[in-house]
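Please find below a short note for a colleague who is meeting this structure for the first time. It is arranged as numbered points.

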Amino acid sequence: MSKQAATLFDKVWDSHVVRKIEDGPDVFFIDRHFIHEVTSPVAFLGLESRGLKVIFPEKTFATADHNTPTINQHLPVQDPLSANQLKALETNSSKYGISHWGLGNPKNGIVHVVGPENGITLPGMTIVCGDSHTSTHGAFGAIAFGIGTSEVEMVLSSQCIMQPKPKKMRIKVNGKLGKGITPKDVVLYIISKLTAAGATGYFVEFAGEVFENMSMEGRMTVCNMSIEMGARGGMIAPDETTFAYIKGREKAPQGEAWDKALAYWKTLKTEEGAAFDLEHNFDAADIEPMITYGTNPGMGIGITQHIPTAQQIGGSKASYDKSLDYMGFHEDEEMLGKKVDYVFIGSCTNGRIEDFRAFASIVKGRKKAEHITAWIVPGSHIVEQQIKDEGILDILTEAGFQLRQPGCSACLAMNDDKIPAGKYAVSTSNRNFEGRQGPGARTLLASPLVAAAAAVTGVVTDPRELI
Amino acid sequence: MAYDKFTVLKSSAVPMPIENVDTDQIIPARFLKATERKGFGDNLFRDWRYNNDNSPKKDFVLNNTIYSGKILVAGRNFGSGSSREHAAWAIYDYGFRCVVSSFFADIFKNNSLNIGILPVQVSPAFLDNIFTAIEADPNTQLEVNLPEQTITILATGEKESFDINGYKKHNMMNGYDDIDYLQSLKTEIQSFAAKSMY
């Protein structure tokens with residue numbers, strides 16, 4: 001019997017199954033485990049109460065990011081609860097021999113930014129973290145997804161989790177993207193078409209011309225948000241773009257090990273004729289700069305369009321009305337020209353150097369709108385340094401903006417960076433849930449270009465008019 | 001974390017007919033700062049449940065004393081968003097042992113099963129029937145039978161089967177968790193790791 005054609009996902013998944021359980025999940029081996037201060041302390045308590053050790057400490061990497069302030073990082077953290085969690089991460093890492101990049105460490109930054117930029121994330125790996133945006137690492141052809149704290153404890157103690165194999169979906173976007181259309185617009189467009197639950201139960205492979213031509217950072221933005229359509233994760237087959245990105249990074253393989261790895265990585269693609277449980281195809285020409293108007297990432301539209309009616313959307317009218325009521329919007333309203341109060345560029349979705357280059361491309365030669373508060377937050381210290389080295393900081397300063405220090409910041413508002421109740425924020429982060437950026441905050445998700453256009457005009461603006 | 005065994009649960013239920021309830025609503029990020037697993041129930045649905053001055057919001061279902069019970073019945077796509085297990089902890093800590101919906105987000109479903117909450121996925125029509133029954137009588141009793149994998153609205157006798165994989169069912173019924181099982185495979189895992197490329 002000839003072997004069935006395999007998908008990229010099958011190849012990576014099947015090679016990591018330690019044991020199959022009948023009518024149960026697979027015992028699934030994890031190559032890289034990222035931990036941060038919020039979802040790990042209770043897992044370490046669990047280890048302690050059972051008297052267990054960390055089985056392979058060298059496969060786990062700890063970074064402080066969710067709680068950290070974005071100013072005065074050289075001073076003690078003011079919030080005692082945040083300080084306590086940061087201390088717990090440091091103590092636990094030290095106790096169990098885990099690498100720890102805490103505040104003040106030059107490698108510190110958002111977990112999903114520092115993994116790739118230091119060569120920790122590689123093709124064909126299985127990667128988990130107690131954070132749903134672990135899906136970011138799928139951009140390298142890895143199987144990467146978020147887990148809960150019980151599973152963090154499983155990985156620490158056994159390097160495995162118990163996981164049923166998800167179904168497979170392929171999403172192809174072919175054609176060429178228009179001027180001013182970024183990877184963030186591509187993924188917001190896909191989510192708006194599939195809805196916030198449209199890929200639940202599936203692992204997604206993104207394929208087609210648009211992703212083949214996309215930079216690694218763009219691919220990370222897309223895979224980052226695959227969780228926002230409910231997918232377990234998203235992945236893109238590694239190619240020359242991937243290999244060029246990885247080569248020379250600190251923890252990437254070198255010399256003979258590189259050659260061996262590269263030979264393996266080149267086998268990581270979906271074979272001709274391999275079957276998916278579901279396929280979707282989109283045309284790049286249909287994608288505009290996107291913006292969300294509601295309280296989940298599926299509630300997005302092209303920036304020149306009107307807010308759809310409940311009838312056009314389907315689903316429960318009560319839930320739809322609740323959402324628009326929270327946002328202070330009405331059916332069929334136009335988004336262009338709406339007043340914006342805050343702009344946030346940063347997060348594991350859009351906190352990489354390309355995002356700041358894009359932001360600066362619009363800001364250059366213009367001034368910050370007077371009433372706008374802008375939080376410009378690099379994803380890591382390495383990105384922060386690039387912003388300075390490339391002259392982007394000068395452009396931002398001349399326009400009246402200030403640069404903050406790295407961290408998750410206003411994406412989930414666990415630190416002091418909270419949008420006040422009732423205010424509107426154009427945010428390059430990944431979630432517009434009620435209260436996500438602070439109790440009562442109203443979030444419009446968009447690309448760095450749309451954020452920049454709002455930052456200089458003070459209202460929702462089509463960035464194509466400013467390019 | 002071991003939990004109480006789950007076999008048959010007969011209880012009234014709390015109805016929340018809202019779709020896409022994300023884990024940021026179940027437990028907002030600012031309440032994730034603890035380093036121990038306790039006290040999360042007090043902040044379950046915090047911003048839907050309380051005003052800024054900490055007074056309860058009258059129109060929120062958890063503040064309506066006519067509803068109570070160990071079963072939460074919610075709209076489609078429950079538990080989307082963040083992977084925070086704290087959401088499941090908050091639901092458990094508040095006193096729920098079972099969440100019924102027509103669709104669950106994956107990570108939430110896993111987290112629930114790992115800590116002893118049974119997610120019961122029913123058809124949209126059956127979900128509507130439950131909401132209708134509770135509307136007619138807030139004390140409507142539901143019976144969730146894990147061994148038989150059925151849920152019944154006792155007043156009307158309407159019954160539906162639900163799926164759960166055999167391994168997870170066995171764990172729930174015995175109060176076991178995966179960590180005990182994984183520890184028993186340690187030698188196998190170590191030899192697997194020795195052959196691993198990374």
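1. The model is a predicted one. The comments that follow should be read with this in mind.

2. In chain A, four strands form an open sheet in the order S16-S15-S17-S18, and their pairing is parallel. Strand S16 (373-376) and strand S18 (442-445) of chain A are the edge strands, each pairing on one side only. From one strand to the next, the twist averages 20°.

3. Within this sheet, strand S15 (residues 342-345) of chain A runs parallel to S17(A), and three bridges join the two. A:Tyr342 stands opposite A:Ala425, which belongs to S17(A).

4. Helices also deserve attention here. Helix H14 (residues 353-363) of chain A packs on the sheet, where it touches S15 and S16 of chain A. The direction of helix H14 makes about 140° with that of S15(A). Helix H12 (residues 317-327) of chain A lies across S17 and S18 of chain A, and runs at about 100° to S18(A).

5. A:Gln159 counts as buried because its relative accessibility is 0%, the cut-off being under 20%.

6. A:Ala413 likewise has a positive phi, near 55°, and is a residue other than glycine. A:Ala413 lies in the loop between helix H16 (392-398) and strand S17 (424-427) of chain A. With a relative accessible area of 4%, A:Ala413 is buried.

Key. Residues are numbered from 1 along each chain as its sequence is written. Chains are lettered from A and ligands numbered from 1 in the order in which they are written. This is a predicted model: local features need pLDDT of at least 70, side-chain atom pairs count only at pLDDT 80 or more; totals for chains, interfaces and linings use all residues. Side-chain values use heavy atoms; hydrogens and water are left out. Buried means under 20% relative accessible area, exposed over 50%, partly exposed in between (1.4 Å probe, protein chains only). Two strands pair if DSSP finds at least two bridges between them. Axes are lines fitted to C-alpha atoms, for helices over the stretch in contact, and angles run from 0 to 180 degrees between N-to-C directions. Contact means heavy atoms within 4.5 Å.
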